[in-house]
Amino acid sequence: MYWILDDGNDNPEDLCLHGDVTVRIGDAEFEDSCSTSASALFLLRTLTEDHDYAPVQVRDVPIISCCGHAMWPQEDSDDVYICGCPYGTDFDVHHVDGNVQLHAPGIKKVTVPLEEYRKTVHAFADQVMAYYHACQPKIMPEDDHERKGYIAFWREFARRRGIALEDSPCSEHTT
């Protein structure tokens with residue numbers, strides 16, 4: 001994992017973590033460089049919500065998202081809106097009878113127990129969070145809307161991961 005200014009140094013002003021990710025669905029494997037922080041949150045969402053694959057021409061942001069340009073709090077939701085580009089790896093995630101069905105165009109549909117899927121998603125989200133914890137605390141944006149978006153990101157992340165907000169990398173900025 002790395003910050004977008006990948007000069008080998010920690011970047012306390014960069015709020016969006018990037019990295020190289022491999023997704024395996026059955027025998028199929030997809031490799032992508034992506035915003036690992038946004039992708040971790042999108043994957044956490046799939047633990048309770050279905051997600052439908054969308055082709056690049058019509059998608060908003062895929063599950064494994066190339067980028068997350070901005071994060072905005074939503075007035076009508078506890079979730080953060082992450083604006084990115086339509087590039088990355090996307091696939092179906094459907095909950096069926098205590099299992100999760102994963103599918104992408106050109107590959108065979110795979111069914112895994114929800115608990116196995118949850119452990120995998122949590123492990124990825126925990127890696128992302130550990131990277132933030134290992135780095136310098138983030139310098140919060142001066143822009144009020146950007147700052148609130150970053151805080152909303154970590155509030156949703158903590159809620160979906162089932163951890164206390166105080167355990168997130170943003171805990172000192174939530175008051």
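Strand β6 (80–83) gives the most to the lining of the second largest pocket, with 3 residues; helices (H or I, at least four residues) and strands (E, at least two) are DSSP runs, numbered from the N terminus. The structure is a predicted model, in which local features need pLDDT of at least 70 and side-chain atom pairs count only at pLDDT 80 or more, while totals for chains, interfaces and linings use all residues. Residues are numbered from 1 along each chain as its sequence is written, and side-chain values use heavy atoms, with hydrogens and water left out.

**The pockets**

- On a 1 Å grid over the protein atoms alone, a pocket is an open set of points where a 1.4 Å probe fits, with protein on both sides within 12 Å along at least five of seven lines, and its lining residues have an atom within 4 Å of a point.
- The second largest pocket has a volume of about 290 Å³, where a volume is the space filled by probe spheres set on the points, and grid points are joined across faces, edges and corners.
- Of the 13 residues that line the second largest pocket, the closest to its centre are Phe42, Arg45, Glu49, His51 and Val61, and the elements that give two or more residues to this lining are α1 and β6.
- By class, the lining of the second largest pocket has 7 nonpolar, 2 polar and 4 charged residues; Ala, Val, Leu, Ile, Met, Phe, Trp, Tyr, Cys and Pro count as nonpolar, Asp, Glu, Lys and Arg as charged, and the others, Gly among them, as polar.
- The largest pocket has a volume of about 570 Å³, and among its 22 lining residues Thr22, Val23, Arg24, Thr120 and Val121 are the closest to its centre.
- In the largest pocket, β2 (17–25), α1 (36–45), β10 and α2 each supply at least two lining residues, and α2 provides the largest share, 7 residues.
- The lining of the largest pocket divides into 14 nonpolar, 5 polar and 3 charged residues.

**The hairpin of β5 and β6**

- Strands β5 and β6 form a hairpin with 6 residues between them, and 4 bridges join β5 (residues 70–73) to β6 in an antiparallel arrangement; two strands pair if DSSP finds at least two bridges between them.
- Met71 has Ile82 of β6 as its bridge partner.
- Val80 and Ile82 make up the covered face of β6, whereas Tyr81 and Cys83 make up the uncovered one.

**The sheet of three strands**

- An open sheet of 3 strands has the order β8-β9-β10 with antiparallel pairing, and its edge strands are β8 and β10 (110–113), each of which pairs on one side only.
- Neighbouring strands of this sheet are turned by 25° against each other on average, direction ignored; axes are lines fitted to C-alpha atoms, for helices over the stretch in contact, and angles run from 0 to 180 degrees between N-to-C directions.
- Helix α2 (residues 114–134) packs on the sheet, touching β8, β9 and β10, and its direction makes about 85° with that of β10; contact means heavy atoms within 4.5 Å.

**Two single residues**

- Asp97 lies in the loop between β8 (92–96) and β9 (99–103), and has a positive phi of about 50° although it is not a glycine.
- Asp97 is exposed, with a relative accessible area of 74%, whereas Ser168 is buried, with 2%; buried means under 20% relative accessible area, exposed over 50%, and partly exposed in between (1.4 Å probe, protein chains only).
- Ser168 is placed in the segment after α3 (144–161) and touches Met129, His133, Trp154 and Ile163, not counting residues up to four places away in sequence.
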